[in-house]
Amino acid sequence: MSDRPAATRVHDFAEVDQGLTAEEAIAEAARCLQCKKPLCVGGCPVCIDIPAFIAEVAEGNFAEAARLVKEQNMLPAICGRVCPQETQCEGVCILGKKETPIRIGALERFVADWERESGATLPEVAAPTGRRVAVVGSGPAGITAAADLARAGHAVTVYESLHEAGGVLTYGIPSFRMPKDVVKAEIEQVVRMGAEIKKNYLVGRSLPAEELLAYDAVFLATGAGLPSFMGIPGENLPGVYSANEFLTRVNLMHAEKFPAFDTPVKHAARVAVIGGGNVAMDAARVARRLGAKVFLIYRRREEDMPARLAEVHHAKEEGIEFLTCTNPVGIIGDAAVTGLECVKMSMCSLDASGRPSPEPETGSEFTLDVDMVIQAIGTSPNPLLVSLIPGLERGRKGNVVVDEDGRTSIPHVFAGGDIATGAATVIEAMGSAKKAAAGINRMLREA
Amino acid sequence: MYTINTATEIADKIFEFWIDAPQVARNARAGQFLILRIDEKGERVPLTISAVDGDAVRVVFMAVGKTTEHLATLQAGDTLADVVGPLGKPSEIREYGTCCLVGGGAGIACTPIIARELKAAGNHVIGIIGSRNADLLILEDEMREVCDELFITTDDGSKGFHGYAADVLKRELDHRTIDAVWIIGPAIMMKVTSAATLPYGVKTFVSLNPIMVDGTGMCGSCRVTVGGETKFACVDGPEFDAHQVDFAELMQRQRIYTDQEKLAAEKFAEHVCRCGEGGHCHE
Ligand SMILES: Cc1cc2nc3c(=O)[nH]c(=O)nc-3n(C[C@H](O)[C@H](O)[C@H](O)COP(=O)(O)OP(=O)(O)OC[C@H]3O[C@@H](n4cnc5c(N)ncnc54)[C@H](O)[C@@H]3O)c2cc1C
Ligand SMILES: Cc1cc2nc3c(=O)[nH]c(=O)nc-3n(C[C@H](O)[C@H](O)[C@H](O)COP(=O)(O)OP(=O)(O)OC[C@H]3O[C@@H](n4cnc5c(N)ncnc54)[C@H](O)[C@@H]3O)c2cc1C
Ligand code: SF4
Ligand code: SF4
Ligand code: FES
């Protein structure tokens, strides 16, 4: 692995994984069997021609490799870093059956980083069509759709409510996993292709829904940013955070540099992070970097954690203590948090999703001595804008209902990413955005 | 970049800014707020939209800590890195009959815009504005112009009624029917004043000011307990039914960063003296 040692990296926010060198990339690429029916491609939601780009890497033709990747994916430096490859492309690579799969994500990242450092070339953009398309949200779904729509020659305006573009890539995923200059550079390419990004626009408020609907087509990509709380006692005590708040204070507002930056964040000695996904790992590792002893509380077993394997591994290396089969039942404190009451869980019969369902063990209650609690138990689709658009059909979980093409119940309004699927992954958000962009292109061509 | 059109100190430590922010101004309604960020290192600070004129919005703020002190050093022609809004739900404006708007301290700034909309909806509008002393009283002329009746209170008796806005509110409630009340000011003032309307069963709104980050419902920093339920003030409010609000929790959560805020303010004060640039040199 090309990771910086845990002992040094817990003191800074610089990237953990250093990526491949050119020699390593060429050697790794040479292992690829160049399958005639490549399984890997089917594992990639945006269908990158994986064997083709890997063949170019093996030959040292990095520029051509980058061009091939960007045919399907305008955010390769991002996906190469954060895709859960073990369940996507690498999970189905034929080599994985006997030995280790090709490190497709690492190669993709290598190619993208190489291109960024040596000057990126842009895909060709079609002649202007005179059609106006509004994209709401500048996360991976919004940016991906904007790229495909700009490439087709439409006038694209992306609206973003925050003061920075990138969605979760900017406010959620910490810089030691997703350096912010990488996010900026990949978004900048889409701007150079002609898409305009208007920041500080909360659509529904800064731009009324009627004005949004006046565009020739609309793509909703507002994400699943609404944080859930467990609903246990003590939740509103000072020192209890949602992962979104904690991560936003640090990633977007740079609270780790307070007072050089104005936004504060609490520094605690002992922190409990509740959850077992990527968000929980990120919150735990940020709290560790702010100097705390960190406990990760998860109600199922470690093998049930939805986080990327690499992040579980990194978190452990960094000294995060895992308390699995443990469920929080209350937060204690007065003016500040002083402890987290927990109960041990035993794994019983399988639930509907095939996972064992955790049940509390009687008499196993205990109190963990902590002075901060971060809840990373999930988020749901952002209700604000979608509730202001009359006639927009929504599912039971608040998600926008779309068809195969990403079309909503309003004919010229499409949606994709977490707002349509509920909280998922970067690459799934991009996959659904590409489908919707194709649907919009078809609609605008036919109209 | 958002240009500050005018910057005026209207009372000791209270400032009135008109800021050019078309997407906010064109869509703002009474009761909504904006969030601004001074520069790349700045915090996102919520301020109520106090008036609108063309493409500009007015905010009135009190210099109480690092960011508002820094803001106070800015002048007409200076720019802000970010302004987003309007945020939050607009006030529930309808024809109630007789309405009373109670403003305390810098909170008075939020009252004229609501008074105007209530008036336009056909209400009889009473204003009660109070401050510690006569010098700190703001927007008196504007409130006199927009309200049907205006009462003034000062804690020290230097102008108007000697006492609190709550006293005048109680007196009015005792001898006439008031159908809806808005109370806007520091949390403690809203708590005490809304207790006064409780026995009369009058619909009472308060505008809550918990600590916010994004202001779009994404972080939960602004959560408040209203009627036993957790609400996000930035999207579910900021105005809520006063009699349902857990004020003790609100005030506790407002103090989360007291130590850090003190540090930031001290550092800023030191910096201002050293460079002599009144906060204009940003390093
Ligand atoms: C901490 C964290 C770590 C994660 N780690 C991984 C990982 O390692 N790998 C992975 O694949 N996935 C990961 N995910 C999930 C992944 O980031 C999301 O699935 C993905 O970002 C969804 O993309 P999106 O474009 O749909 O929405 P988002 O990225 O949420 O972007 C939505 C954007 O819309 C904006 N917006 C919302 N409402 C409005 C409005 N009304 N007007 C204007 N703008 C609006 C928001 O401000 C935001 O910028 C992680 C998520 C989090 C929170
Ligand atoms: C919806 C809303 C509307 C508001 N309208 C006005 C207004 O019209 N005029 C006005 O003078 N003030 C208003 N405030 C309060 C104003 O936002 C704070 O005074 C300001 O953020 C203080 O920042 P500071 O750095 O100067 O002071 P600090 O020293 O950082 O803080 C002083 C106090 O302000 C509060 N505060 C600090 N940071 C924040 C934050 N990010 N968000 C909210 N409160 C914070 C805290 O309770 C703190 O104790 C409003 C607050 C909210 C939530
Ligand atoms: S985008 Fe993700 S899933 Fe597709 S090839 Fe790259 S790493 Fe694999
Ligand atoms: S499945 Fe594996 S070996 Fe086959 S082409 Fe894809 S990456 Fe290469
Ligand atoms: S300020 Fe973040 S949810 Fe309200």
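**Figure 1. The shell around ligand 3 in the predicted model.** Helix α8 (residues 104-117) of chain A gives the largest share of the shell around ligand 3, with 3 residues. This view, like the others, is taken from a predicted model. In total 14 residues stand around ligand 3. The nearest of them are C44(A), C83(A), C89(A), E108(A) and I427(A). Sorted by class, the shell around ligand 3 holds 9 nonpolar, 4 polar and 1 charged residues.

**Figure 2. The surroundings of ligand 1.** Ligand 1 is surrounded by 36 residues. V82(A), A141(A), E160(A), R177(A) and D418(A) are the closest. By class, the shell around ligand 1 consists of 19 nonpolar, 12 polar and 5 charged residues. Domain 2 (132-225 + 380-446) and domain 3 (229-377) of chain A each supply at least three residues to the shell around ligand 1.

Figure 3. Which residue places an N or O atom of its side chain 2.8 Å from an oxygen atom of ligand 1? That residue is R177(A), which is also among the closest residues to the ligand. The backbone takes part as well: a polar backbone atom of V168(A) is 3.0 Å from an oxygen atom of ligand 1. For T425(A), a backbone N or O atom lies 3.4 Å from an oxygen atom of the ligand. On its own, ligand 1 exposes 1000 Å², and 95% of that area is buried by the protein. Two or more residues of the shell around ligand 1 come from each of α9 (140-151), α14 (278-289) and α18 (426-446) of chain A. The largest share, 3 residues, belongs to α14(A).

**Figure 4. Two residues of chain A with positive phi.** Q34(A) is not a glycine, yet its phi is positive, near 50 degrees. Q34(A) sits in the loop between α2 (22-30) and α3 (39-42) of chain A. With a relative accessible area of 32%, Q34(A) is partly exposed. C47(A), likewise a residue other than glycine, has a positive phi near 55 degrees. The loop that holds C47(A) runs between α3 and α4 (50-58) of chain A. C47(A) has a relative accessible area of 47% and is partly exposed.

**Figure 5. Cis peptide bonds in chains A and B.** In chain A, F258(A) and P259(A) are joined by a cis peptide bond with omega of about 5 degrees. P259(A) is placed in the loop between α13 (243-252) and β7 (270-274) of chain A. In chain B, the peptide bond from G237(B) to P238(B) is cis, and its omega is near 10 degrees. P238(B) belongs to the loop between α7 (233-236) and β17 (239-241) of chain B.

**Figure 6. Chain B as a whole.** How many helices and strands does chain B have? Chain B contains 9 helices and 17 strands. Its radius of gyration is 18 Å, close to the 19 Å that the globule rule gives for 283 residues, so chain B is as compact as a globular protein of that length. Along the principal axes, the C-alpha atoms of chain B fill a box of roughly 60 × 40 × 35 Å. Of the 283 residues in chain B, 59% are buried.

**Figure 7. Helix α3 of chain B.** Helix α3 (residues 111-120) of chain B is largely enclosed by the rest of the structure, because 7 of its 10 residues are buried. The buried residues in α3(B) are T111(B), P112(B), I113(B), I114(B), A115(B), E117(B) and L118(B). After α3(B) comes G122(B), which has a positive phi near 95 degrees.

**Figure 8. The side chain of S50(B).** Is S50(B) buried or exposed? S50(B) counts as buried, since its relative accessibility is 1% and the cut-off for buried is under 20%. S50(B) lies in the loop between β4 (45-48) and β5 (51-53) of chain B.

Technical notes
Residues numbered from 1 in each chain as written. Chains lettered and ligands numbered in written order. Predicted model: local features only at pLDDT ≥ 70, side-chain atom pairs only at ≥ 80, totals over all residues. Heavy atoms only, no water. Near = heavy atom within 4 Å. Polar contact = N/O pair within 3.5 Å; in protein donor to acceptor, adjacent residues only side chain to side chain. Areas by Shrake-Rupley, 256 points an atom, 1.4 Å probe, with all protein chains shown as cover. Helix = DSSP H or I, 4+ residues; strand = E, 2+ residues; numbered from the N terminus. Nonpolar A, V, L, I, M, F, W, Y, C, P; charged D, E, K, R; others polar. Domains from an automatic or database assignment. Rg over C-alpha atoms; globule rule 2.2 N^0.38 Å. Buried < 20%, exposed > 50% of the residue type's maximum accessible area, 1.4 Å probe, protein only.
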